[in-house]
Amino acid sequence: MKEILAKLLNHEELSREEMKNILVGITHSEFPNEQITALLTALQMRGVTVEELLGFRDGILETGVPVPLDCDRYIDVVGTGGDRKNTFNISTTSCFVIAGAGYKVAKHGNYAATSTSGASNVIAQHGVKFTDNLDQLNRCMDEAGIVYLHAQLFAKAMKFVGPIRKALPFPTIFNLLGPLVNPSQPSCQLLGVANLDQMRLYHAVYQRLGIDYGIVNSIDGYDEISLTGDFKVTTNTYEKIFSPADLGFQPAKPEELVAGATEQEAKEIFDAVLENRALPAQKNIVLANAAFGIQVLEKGQKSIDECLSIARESIDSGSALRTFKKFVELNS
């Protein structure tokens with residue numbers, strides 16, 4: 001580790017293999033906390049490279065619990081988090097809309113870090129028990145079209161750095177890893193990022209991984225399509241700035257996206273969208289995010305208008321709600 005730190009002090013970049021070995025070493029308690037802290041600080045000051053991010057990803061997947069699902073093509077919809085906007089569970093709600101439309105979803109998530117309600121919070125609020133049982137996960141994917149992977153059951157490396165991350169007053173490379181370490185390794189992903197620097201970084205990472213992807217960023221700083229203004233989308237096939245009007249929507253107001261002050265309030269919005277009784281802005285935001293996820297699954301072969309129609313039908317027909325109820329039934 002001293003050699004690694006000397007490299008970083010000399011402004012050198014680390015290789016993918018070096019970073020993987022460091023992560024594995026951390027899980028074997030090979031390094032004192034002071035050295036890990038120095039490593040994370042140096043990487044954050046310089047900025048993480050694609051190779052370094054991929055190396056830590058390799059290490060987390062290698063030391064974690066794999067989830068080989070009996071399904072060829074499915075998507076994860078996730079945000080990097082940390083945009084400090086305290087929005088309701090837009091990505092998670094979108095996942096059930098996508099599954100309700102007949103597509104397969106493996107949602108990876110955790111408890112909230114900076115907002116009222118993370119994906120695990122809102123799902124646990126419905127009485128769901130998290131599991132790493134592969135038979136149960138595959139049954140849920142087969143019968144409900146969606147599985148939920150609670151990150152703490154799978155990424156074993158994270159517990160070794162938890163206290164260090166809490167003690168540091170800034171985000172680290174681990175904040176960038178969440179969207180990349182879904183233990184089922186989906187071939188499709190829709191990722192929301194909080195700024196365009198992150199969009200460029202993940203764009204390069206996804207190209208290296210060779211998956212079908214969409215990366216979205218609302219220009220006013222949301223790590224999802226907020227419809228509060230223009231937003232940028234980057235995929236395998238195009239890069240474009242959209243306005244809410246391009247999708248046929250009115251601009252949303254920031255206060256219409258807020259999760260509320262409690263987990264119960266966030267749960268109420270989640271339920272209202274799936275039950276088709278939410279505020280128009282709340283429903284539209286979920287439709288927009290679900291539509292771009294569907295477009296990724298369709299390899300860009302369907303227009304965004306077609307994908308919006310598919311997402312809208314999932315909610316309006318009650319299919320998204322039925323899918324969620326089946327999911328809860330299978331996991332309670």
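The model is predicted, so local features need pLDDT of at least 70 and side-chain atom pairs count only at pLDDT 80 or more, whereas totals for chains, interfaces and linings use all residues. Residues are numbered from 1 along each chain as its sequence is written, and side-chain values use heavy atoms, with hydrogens and water left out.

Helices (H or I, at least four residues) and strands (E, at least two) are DSSP runs numbered from the N terminus. Helix H11 covers residues 263-274, and its end C-alpha atoms lie 17 Å apart. This agrees with the 16 Å that its 12 residues should span at 1.5 Å a residue, where the expected span is 1.5 Å times one less than the number of residues. Its buried residues (under 20% relative accessible area, 1.4 Å probe, protein chains only; exposed means over 50%, partly exposed in between) are Ala266, Lys267, Ile269, Phe270, Asp271, Ala272, Val273 and Leu274.

In H2, the buried residues are Met19, Lys20, Ile22, Leu23, Val24, Gly25, Ile26 and Thr27. They are covered by elements including helices H1 (2-9), H3 (33-46), H4 (50-63), H8 (158-167) and H9 (173-177). Just after H2, Ser29 has a positive phi of about 55 degrees.

Turning to the strands, S6 (residues 231-235) and S7 (residues 239-242) pair in the antiparallel sense over 4 bridges; pairing requires at least two bridges found by DSSP. The two strands form a hairpin with 3 residues between them. Thr234 sits in S6, and its bridge partner in S7 is Glu239. Thr234 counts as buried because its relative accessible area is 2%. Leaving aside residues up to four places away in sequence, Thr234 touches Met199, His203, Tyr213, Gly214, Ile215 and Glu239.

Finally, the surface. Leu196 is in helix H10 (residues 196-209) and counts as partly exposed because its relative accessibility is 31%. Leu196, Ile219 and Ile241 form a nonpolar surface patch with about 250 Å² of accessible area together. Patches consist of residues with over 30% relative accessible area and no salt bridge, with like charges joined within 9 Å and nonpolar side chains (Val, Leu, Ile, Met, Phe, Trp, Tyr) within 5 Å. Accessible areas come from the Shrake-Rupley method with a 1.4 Å probe, and for residues only the protein chains shown count as cover. A salt bridge is a side-chain nitrogen of Lys or Arg within 4 Å of a carboxyl oxygen of Asp or Glu.

Key:
Contact = heavy atoms within 4.5 Å.
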